[in-house]
Amino acid sequence: MSPITRIGTTARWSDVVIHNGTLYVVEVPATLEADLQTQTREVLESLTRLLETHGSGVDKILMATIYLKEIGDIAAFNELWDAWLPAGSAPVRCCVQARLAHDDFKVEIQLTAAV
């Protein structure tokens, strides 16, 4: 079996896991009091850094799960998401309304990407 690389591991989660040429990551916003667009920008910028730091990139995303506190915010989210993704590289994607781990989170994104 290929080795499993865990980065930023705590007792409860890892920031990034890489296995068999695939990277797994979940990102949440840093600024709790911010609006959805600010939180989304923060999450997308952080994901870009994490992907690039670990040998991947936005154009290598295979699958995304987007959790929104309010599904009514999907149009505002999609505007930023669409601008972030390189043309022709859209991953498989799911977007759902969810009760997130912190009351002030408005968005959380889980990605699987090729390395």
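Start with what covers helix α2. Select α1 (36-53), β4 (61-68), β5 (92-97) and β6 (107-114): these are among the elements that cover the buried residues of α2. Bear in mind that this is a predicted model.

Now select α2 itself, residues 74-84, and show side chains. Phe 77, Asn 78, Leu 80, Trp 81 and Trp 84 are buried. Why do they sit on the same side of α2? Their arc around the axis is only 170°, which puts them on the same side of the helix. Turn to the face pointing away from that buried side. There you find the exposed residues Ala 75, Glu 79, Asp 82 and Ala 83.

Next, show α1 and α2 together. The two pack at an angle of about 30°, and their axes are 10 Å apart. That angle makes α1 roughly parallel to α2. The contact uses Leu 36, Gln 37, Thr 40, Arg 41, Leu 44, Leu 47 and Thr 48 from α1. From α2 come Ala 76, Phe 77, Glu 79, Leu 80, Trp 81 and Trp 84. The crossing of α1 past α2 is right-handed.

Move to the strands. In what order do the six strands form the open sheet? Trace β1-β2-β3-β6-β4-β5; the pairing is mixed. On average, neighbouring strands are turned by 10° against each other, direction ignored.

Zoom in on β3, residues 22-27. Strand β3 pairs with β6 in the antiparallel sense, over six bridges. Pick Tyr 24: opposite it stands Thr 112 in β6.

Bring the helices back over the sheet. α1 lies across β2 (16-19), β3, β4 and β6, and runs at about 25° to β6. α2 also packs on the sheet, where it touches β4, β5 and β6. The direction of α2 makes about 155° with that of β4.

Last stop: Ile 18, in strand β2. Is Ile 18 buried or exposed? Its relative accessible area is 17%, so Ile 18 is buried; the cut-off for buried is under 20%. Select its contacts, leaving out residues up to four places away in sequence: Pro 3, Ile 4, Thr 5, Ile 7, Leu 23, His 54 and Val 115. Finally, draw a distance from Ile 18 to Asn 78, 60 residues apart along the chain. Their C-alpha atoms are separated by 27 Å.

Key:
Residues are numbered from 1 along each chain as its sequence is written. This is a predicted model: local features need pLDDT of at least 70, side-chain atom pairs count only at pLDDT 80 or more; totals for chains, interfaces and linings use all residues. Side-chain values use heavy atoms; hydrogens and water are left out. Buried means under 20% relative accessible area, exposed over 50%, partly exposed in between (1.4 Å probe, protein chains only). Helices (H or I, at least four residues) and strands (E, at least two) are DSSP runs, numbered from the N terminus. The arc is that of the directions from the helix axis to the C-beta atoms. Contact means heavy atoms within 4.5 Å. Two strands pair if DSSP finds at least two bridges between them. Axes are lines fitted to C-alpha atoms, for helices over the stretch in contact, and angles run from 0 to 180 degrees between N-to-C directions. Angles under 35 degrees count as roughly parallel, over 145 as roughly antiparallel, 65 to 115 as roughly perpendicular and the rest as oblique. A crossing is left-handed if the near helix is turned anticlockwise from the far one by less than a right angle, and right-handed if clockwise.
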